[in-house]
Amino acid sequence: MKRILKSSRRSLLQGMGSALAVAGASSLISTRAARAQVPVDRKFLFVIAATGGGSIIDSFLPIVDSESPNGATIVAFPNQLVAQPNGSNLRCVHSPFPIELGGFNIVGHLLPFLQRHGSDVAVMTQECTSVNHLIAQKRSLTGAGINGGRTLLEAAAMAHGNGLLMPAVNMCESGYLEPGDDVSVPDSARAVAVADALLFAFATDGVRGLQNLPQRSLIDRARRIRNRVDDDSVFGITFRDAPLRRSFIDARTRLAPTMEANDLITKLTMVANVPGSIPLDDFDLSSSPDGEKVRAAFPSLTSDPFEAQGALAFLLARHGVSCAVALSPSFNPLLDDGLKNTPLAFDFSHTNHTLTQYAMWSRVLRCADGLITLLKGQDVDDDDPAQGKMWNRSLVYIATDFGRDKTRPANSFEFGSGHHLNNGNILISPLLNGNRVYGGVDVNTALTFGFDPVTGIAAPGSLMREGEVYSAVAHALGIDFDGRVDMPCMVKNA
Amino acid sequence: MLVVALAAAGCPELSPAGDVDSGVPDDVIDSGVADEVDAGPPPPPFAISTRNRLAWKRQRALENDLLIALALEKADLCNELGLYSCIDFVHLVPLGGNEPFSRSQYEPLPSPTVTTPIALDRVALSACRARVDQDVAGVPVVFASLDFDAAAVDAEAAAAAIDGLGKRLLGRALTPGEVEEFAALTIDDDGAAVSPRDFAVLSCFAIATMSETIFY
């Protein structure tokens with residue numbers, strides 16, 4: 001496999017420049033709407049984590065059992081369970097009927113997803129380096145350290161987050177929530193952890209939504225006096241240089257007022273007023289002007305935290321708060337007219353591989369569908385439609401821990417699978433040459449193999465690693481770093 | 001103590017302002033700098049930390065301290081939309097907590113997030129409002145010096161209330177300068193009197209959200 005390693009033209013100064021740009025964002029954040037004058041080269045990264053091990057051969061790289069001499073014993077599907085949209089180079093697992101079995105109630109969403117967004121879908125094979133969930137999850141975001149331990153969220157925040165309030169936001173769990181290991185990443189580019197997307201808006205205003213308080217002007221006056229006394233106090237002076245206190249004071253005096261002035265508590269409130277359960281009116285709050293359309297894209301957002309994450313991901317990007325957002329289904333079960341989220345998400349494949357993979361891929365892709373649909377309909381800049389839609393600058397990376405076992409009991413669809421290094425990822429973006437599989441799968445073994453990153457020609461016997469996936473995402477988003485493996489075959493106009 | 005240590009070490013004595021006393025009257029020394037040049041604030045009469053090791057007082061300790069300081073019950077603290085606990089649920093993570101069971105967050109964050117100050121403001125405002133409401137409705141526990149039926153707060157009552165809040169919320173006596181600063185909350189930006197109820201909420205909030213409330 002040909003690797004294009006960059007080292008000479010990407011200097012240390014460039015990295016330092018990015019860090020300083022984000023660190024110095026304070027001067028650029030004003031109380032004017034943060035989204036005003038969106039930089040023409042700003043791009044958006046959305047990471048959707050297929051928590052627990054989403055297997056590529058159970059989604060967009062399936063094997064039809066008749067194609068393999070080992071079709072009965074490798075993970076493969078009968079022809080009637082594999083679909084290919086008209087004109088598409090991609091195919092997927094697809095049940096023509098809803099599945100109600102063993103607690104599952106699955107309406108597949110792989111085929112509808114390909115039908116709607118297949119032209120932007122790139123399937124990229126890879127083999128990761130750990131089958132430990134936490135380690136593999138983190139490596140899927142750091143490219144196993146290819147960029148000095150910097151996560152993709154952090155790298156995107158440093159490249160595109162200049163002037164944003166929270167350049168990176170992470171709503172995932174476990175290893176996907178881990179910060180990177182690059183100590184040179186400034187605090188402002190570290191991902192803000194959000195545990196509850198549905199009510200996150202309340203964390204953007206210190207006063208609104210609380211009842212029977214003094215007038216806002218009086219509270220603002222109290223804050224000013226507090227800040228002054230705090231800085232002049234013995235404690236404030238003694239620890240004036242303490243990093244913990246400094247970052248807290250910076251957030252309180254610089255970021256919090258900007259969040260409040262931009263009315264994020266309204267813009268990010270995705271729910272509608274519901275007397276009794278969500279009584280916004282009683283608390284002088286209102287739903288986001290985008291509330292109706294995010295609720296249409298994510299109709300279960302009040303009962304499904306993953307849908308709420310999808311809605312918040314859009315709202316954060318749309319309102320100029322973030323440029324890199326990660327979300328994931330939970331490891332915890334969610335019952336909603338059937339098993340909507342399996343226990344341990346994709347890792348329930350240990351118990352029931354086929355149905356878990358199909359249910360969870362449908363769940364992940366339904367969320368991605370909602371997000372992409374919103375991005376396709378949203379101008380980058382409300383005041384300048386000529387800048388195009390947000391989707392034109394976006395990339396959705398469906399990360400996952402690792403693959404699953406490639407074998408099964410003869411002709412069985414009811415079996416459990418273990419963890420397996422070999423797998424692939426789904427990248428969706430108009431920045432990519434989509435409607436294509438990069439690499440391939442050996443129908444004899446169900447193991448994937450790599451490709452030439454320049455020509456894109458499949459190369460049996462080769463393997464792509466986490467670093468190549470990281471590089472593909474970085475290349476598409478214009479994120480430069482020493483050691484990046486360029487993927488000109490995948491990236492448009494590369 | 002610092003002065004004693006320095007004297008024992010044979011160091012020149014520190015003046016109250018913290019600068020070294022040369023033993024020569026100031027007017028004899030020609031610094032070569034024009035008088036109108038601002039030399040900046042005098043150094044403090046105490047040591048500034050060079051190690052800067054602070055610990056974050058996380059959500060449960062914060063909650064307990066607020067409950068004890070303001071003599072409140074847990075149910076009195078912040079609930080978003082009157083339904084969802086700020087500390088246990090909505091703002092758990094920015095206040096330093098984690099939820100391993102339902103959210104697979106096995107470790108809390110190492111440091112506050114950009115939303116921590118706002119979360120603290122909301123929790124403190126709710127707690128202070130609850131205390132004031134209870135003091136207005138019944139026998140005052142924290143704001144005994146205030147006459148809630150009066151149109152304004154007199155200086156003595158304000159100072160007493162502020163002093164009590166400092167001791168309850170920060171565990172120390174506020175300095176006279178700090179009391180004077182907080183006493184400015186008896187009036188608004190235009191100089192008009194603030195009601196005793198509003199003053200009580202505002203002074204409580206301002207003191208409860210000092211950085212020494214959540215770091216130690």
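Colleague: How many bridges join S17(A) to strand S18 of chain A, and in which sense do the two strands run?

Modeller: As a general idea, strands of a sheet pair through backbone hydrogen bonds, either parallel or antiparallel. In this predicted model, S17(A) and strand S18 (residues 448-451) of chain A run antiparallel and are joined by two bridges. One residue pair to look for is A:Val441, whose bridge partner in S18(A) is A:Thr448. These strands belong to an open sheet of three strands with antiparallel pairing, in the order S17-S18-S19 of chain A. Strand S17 (440-441) and strand S19 (458-459) of chain A stand at its edges with a single partner strand each, so one side of each has no neighbour in the sheet.

Colleague: What is the strand order in the open sheet of eight strands of chain A, and which strands stand at the edges?

Modeller: The order is S8-S7-S9-S1-S12-S15-S6-S16 in chain A, and the pairing is mixed. Strand S8 (192-193) and strand S16 (436-438) of chain A are the edge strands; each has a single partner strand, so one side of each is left without a neighbour in the sheet. Helix H12 (residues 466-477) of chain A packs on this sheet, where it touches strand S1 (44-50), strand S6 (121-127), S12 and S15 of chain A, and its direction makes about 150° with that of S6(A).

Colleague: Which strands pair with S6(A), and in what sense?

Modeller: The general point is again that pairing through backbone hydrogen bonds may be parallel or antiparallel. S6(A) pairs with S15(A) in the antiparallel sense over seven bridges, whereas three bridges join S6(A) to S16(A), with those two strands running parallel. For the pairing with S15(A), A:Val121 has A:Ile428 as its bridge partner; for that with S16(A), A:Val123 has A:Val437. Strand S12 (residues 394-400) of chain A also pairs with S15 (residues 422-428) of chain A, in the antiparallel sense over three bridges, and A:Ile428 in S15(A) is the bridge partner of A:Val396.

Colleague: Why can S6(A) be called largely enclosed by the rest of the structure?

Modeller: Seven of the seven residues of S6(A) are buried, so the strand is largely enclosed by the rest of the structure. Both of its faces are covered, with A:Val121, A:Val123, A:Thr125 and A:Glu127 buried on one side and A:Ala122, A:Met124 and A:Gln126 buried on the other.

Colleague: How should I read burial in a helix, and where do the buried residues of H2(B) fall around its axis?

Modeller: An α-helix has 3.6 residues a turn, so residues three or four places apart point the same way. In helix H2 (residues 59-69) of chain B, the buried residues are B:Gln59, B:Leu62, B:Glu63, B:Leu66 and B:Ala69. Seen down the axis of H2(B), they fall within an arc of 140°, so they line one face of the helix. The face turned away from this buried side carries the exposed residues B:Asn64 and B:Ile68. The cover over the buried residues of H2(B) includes H3, H5, H6, H8 and H9 of chain B. After H2(B) comes B:Ala71, which has a positive phi, near 50°.

Colleague: Which residues are buried in helix H2 of chain A?

Modeller: In H2(A), residues 110-117, the buried residues are A:Leu110, A:Leu111, A:Phe113, A:Leu114 and A:His117. They cover an arc of only 160° around the axis, which puts them on the same side of H2(A). Their cover includes strand S2 (82-83), strand S3 (92-93), S6, helix H11 (353-376) and S15 of chain A.

Colleague: At what angle do H6 and H7 of chain B pack, and which residues make the contact?

Modeller: Two packed helices are described by the angle between their axes and the distance between the axes. Helix H6 (residues 155-170) and helix H7 (residues 176-183) of chain B pack at an angle of about 115°, with their axes 9 Å apart, and H6(B) passes H7(B) in a right-handed crossing. H6(B) brings B:Ala155, B:Ala158, B:Ala159, B:Ile162 and B:Asp163 to the contact, and H7(B) brings B:Val179, B:Phe182 and B:Ala183. These residues divide into seven nonpolar, no polar and one charged.

How values were computed. Residues are numbered from 1 along each chain as its sequence is written. Chains are lettered from A and ligands numbered from 1 in the order in which they are written. This is a predicted model: local features need pLDDT of at least 70, side-chain atom pairs count only at pLDDT 80 or more; totals for chains, interfaces and linings use all residues. Axes are lines fitted to C-alpha atoms, for helices over the stretch in contact, and angles run from 0 to 180 degrees between N-to-C directions. Helices (H or I, at least four residues) and strands (E, at least two) are DSSP runs, numbered from the N terminus. A crossing is left-handed if the near helix is turned anticlockwise from the far one by less than a right angle, and right-handed if clockwise. Two residues are in contact if their C-beta atoms, placed from the backbone, lie within 7 Å. Ala, Val, Leu, Ile, Met, Phe, Trp, Tyr, Cys and Pro count as nonpolar, Asp, Glu, Lys and Arg as charged, and the others, Gly among them, as polar. Two strands pair if DSSP finds at least two bridges between them. A residue is buried if 20 or more other C-beta atoms lie within 10 Å of its own, exposed if 12 or fewer, and partly exposed in between; C-beta atoms are placed from the backbone. The arc is that of the directions from the helix axis to the C-beta atoms.
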